[in-house]
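Here is a short briefing for a reader meeting this protein for the first time. Take a look at the sequence and the fold before reading on.

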Amino acid sequence: MDAWVVARPGPMASHPLERARLPVPEPGPGEVLVEVEACAVCRTDLHLAEGDLPPRKPRTVPGHEVVGRVAGHGPGTSLPLGARVGVAWLRSTCGRCRYCLGGAENLCPLSTYTGWDADGGYAGYLTAPEDYVHPLPQGPSAEKLAPLLCAGIIGYRALLRSDLPPGGRLGVYGFGASAHLTAQLAVAQGATVHVMTRSARARELALRLGAASATGAAEPPPEPLDAAILFAPVGELVPVALEALDRGGTLAVAGIHLSDIPALNYRRHLFQERTLRSVTANTRADARAYLELAAERPPEVTTVAYPFAAADVALADLAADRVEGAAVLLP
């Protein structure tokens with residue numbers, strides 16, 4: 001099968017991705033083989049390609065927002081051939097530690113991840129544990145479903161972590177794939193959403209999707225915020241977002257990688273019980289809950305389609321902020 005691998009992690013200008021011919025993988029016990037219909041391009045893939053996330057194995061195939069069809073079985077699996085499924089970031093957990101048993105499997109020390117610990121969806125096929133794939137509806141296009149499997153799910157968890165009160169004022173910093181889905185969910189739940197992002201096109205999209213305002217990334221919102229989510233991997237925005245919070249507000253940082261955070265001033269940024277939280281992966285319960293919400297009230301998914309042969313171009317465009325919404329590879 002055709003695939004892309006991270007051959008030499010480094011800046012996109014150094015061409016870290018390489019085309020490769022790989023054997024179709026064999027599913028192991030409890031795993032299914034999935035034929036890829038579409039794979040969305042996530043900023044985490046970019047962090048892996050550029051070396052911000054140290055590779056966990058050589059020549060990794062990235063990609064963890066996969067829509068596909070079950071094409072084969074390992075021992076002990078039961079999903080029917082042809083079933084439409086999604087393969088997401090969380091690939092496995094131990095199921096025995098106190099985090100797994102306590103409903104926080106995203107914090108499992110033995111957790112593994114698609115496109116990092118095991119080869120992902122920048123390929124014709126991938127394998128995944130049956131217990132960690134998600135049934136998907138037949139109707140929507142694979143291009144529009146793929147971004148839900150990470151951008152949507154992690155945005156949903158970030159929204160939960162932000163402790164946004166009913167009818168509250170939410171600030172969204174950065175407006176890419178995850179943010180544009182999360183903002184729609186918050187608006188649908190009755191929130192007032194203010195978007196801060198450097199891209200003029202993203203600001204236009206935010207207003208079209210229901211944001212009350214859209215300004216530059218470091219500009220103050222028009223009113224104090226009850227909650228904020230930082231999607232941009234820019235540590236310099238942490239004090240900016242904290243200062244925009246009202247008393248008792250919470251900032252959730254949604255990314256897996258963040259540049260260094262400048263020194264915080266206790267009184268300006270944290271006093272009056274402001275809270276700073278990280279967001280680490282997601283649980284399968286998060287995924288189920290979000291996908292159910294998306295089925296009940298489908299979001300407007302803004303995508304830019306790329307042929308499979310242009311995966312490196314898609315990542316380069318993402319790095320340069322040339323993608324409006326989500327980039328999606330279509331094999």
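This is a predicted model: local features need pLDDT of at least 70, side-chain atom pairs count only at pLDDT 80 or more; totals for chains, interfaces and linings use all residues.

The protein has ten helices and 17 strands. Its radius of gyration is 19 Å, close to the 20 Å that the globule rule gives for 331 residues, so the protein is as compact as a globular protein of that length.

**Overall build**
- Along the principal axes, the C-alpha atoms fill a box of roughly 55 × 45 × 35 Å.
- Of the 331 residues in the protein, 55% are buried.
- Take the contacts between residues at least 6 apart in sequence: 70% of them join residues at least 24 apart.

**Surface and charge**
- The protein has an accessible surface of about 13800 Å². Carbon and sulfur atoms account for 53% of that surface.
- The protein carries 29 positive and 34 negative charges.

**Helix α6**
- Helix α6 spans residues 200-208.
- Which residues of α6 are buried? They are A202, L205 and A206.
- What covers the buried residues of α6? The cover includes α5 (177-188), β11 (192-196) and β12 (213-215).

Key: Residues are numbered from 1 along each chain as its sequence is written. Side-chain values use heavy atoms; hydrogens and water are left out. Helices (H or I, at least four residues) and strands (E, at least two) are DSSP runs, numbered from the N terminus. The radius of gyration is taken over C-alpha atoms; the globule rule is 2.2 Å times the number of residues to the power 0.38. Buried means under 20% relative accessible area, exposed over 50%, partly exposed in between (1.4 Å probe, protein chains only). Contact means heavy atoms within 4.5 Å. Accessible areas come from the Shrake-Rupley method with a 1.4 Å probe; for residues, only the protein chains shown count as cover. Lys and Arg count as positive and Asp and Glu as negative; His and the chain ends are not counted. The place of a charge is taken as NZ of Lys, CZ of Arg, CG of Asp or CD of Glu.
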